[in-house]
Amino acid sequence: MILPLSFIFTVSAIMSVILFIIPIINIHKKTDREKSSPFECGFDPFSKPRLSFSIHFFSISLMFLIFDIEITLVLPTPILTKEINLINWIISCFFLFSILILGLMLEWKQGSMNWL
């Protein structure tokens with residue numbers, strides 16, 4: 001009976017010492033200017049608010065989302081080839097890829113993929 005109580009007391013003493021020491025060790029993190037600011041990709045948190053947003057950043061992130069969705073649509077298709085008609089599968093994949101390639105060509109032609 002004494003052994004489990006001493007074990008619980010020892011563990012709780014160690015835990016309380018650790019909980020007391022951790023804030024003392026991490027004082028420098030509270031004063032760090034960049035650690036205390038929120039991080040938003042594409043924005044400088046210490047500049048004036050309402051500055052113009054980089055349209056190139058928005059365009060590239062939008063293209064990433066479109067191609068990411070395309071991957072999620074095309075990736076399971078080899079598994080589904082046994083369950084669906086092959087001609088319908090080929091037509092739908094051709095239609096999807098043609099839309100994506102035409103959109104990519106349009107973005108390339110307009111020069112929005114060139115990072116200035």
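The protein is built from six helices and zero strands, where helices are DSSP runs of H or I with at least four residues and strands are runs of E with at least two, both numbered from the N terminus. Read along the sequence, the elements therefore give the pattern α-α-α-α-α-α. The model is a predicted one, in which local features need pLDDT of at least 70 and side-chain atom pairs count only at pLDDT 80 or more, while totals for chains, interfaces and linings use all residues. Residues are numbered from 1 along each chain as its sequence is written, and side-chain values use heavy atoms, with hydrogens and water left out.

Of the 116 residues in the protein, 8% are buried, a word that here stands for under 20% relative accessible area, with exposed meaning over 50% and partly exposed in between (1.4 Å probe, protein chains only). The accessible surface comes to about 10600 Å², and 75% of that area belongs to carbon and sulfur atoms; such areas come from the Shrake-Rupley method with a 1.4 Å probe. Among contacts between residues at least 6 apart in sequence, 50% join residues at least 24 apart, a contact being heavy atoms within 4.5 Å.

The unreviewed UniProt entry carries the annotation "transmembrane region" for residues 6-27, 57-80 and 86-106, and such annotations may be inferred rather than shown by experiment. In the model, the span 57-80 is 92% helix and 0% strand, with its end C-alpha atoms 36 Å apart, and the span 86-106 is 100% helix and 0% strand, with its end C-alpha atoms 30 Å apart.

Phe57 is found in helix H4 and is partly exposed, with a relative accessible area of 27%. Its C-alpha atom is separated by 9.8 Å from that of Ser112, which is 55 residues away along the chain.

The second largest pocket has a volume of about 150 Å³. A pocket is an open set of points on a 1 Å grid over the protein atoms alone, where a 1.4 Å probe fits and protein lies on both sides within 12 Å along at least five of seven lines; lining residues have an atom within 4 Å of a point. The volume is the space filled by probe spheres set on the points, which are joined across faces, edges and corners. The elements that give two or more residues to this lining are helix H4 (55-74) and helix H6 (86-110), and H4 supplies the largest share, five residues. The lining consists of Ser59, Leu62, Met63, Ile66, Phe67, Leu100, Gly103, Leu104 and Glu107. These residues divide into six nonpolar, two polar and one charged, with Ala, Val, Leu, Ile, Met, Phe, Trp, Tyr, Cys and Pro counted as nonpolar, Asp, Glu, Lys and Arg as charged, and the others, Gly among them, as polar.
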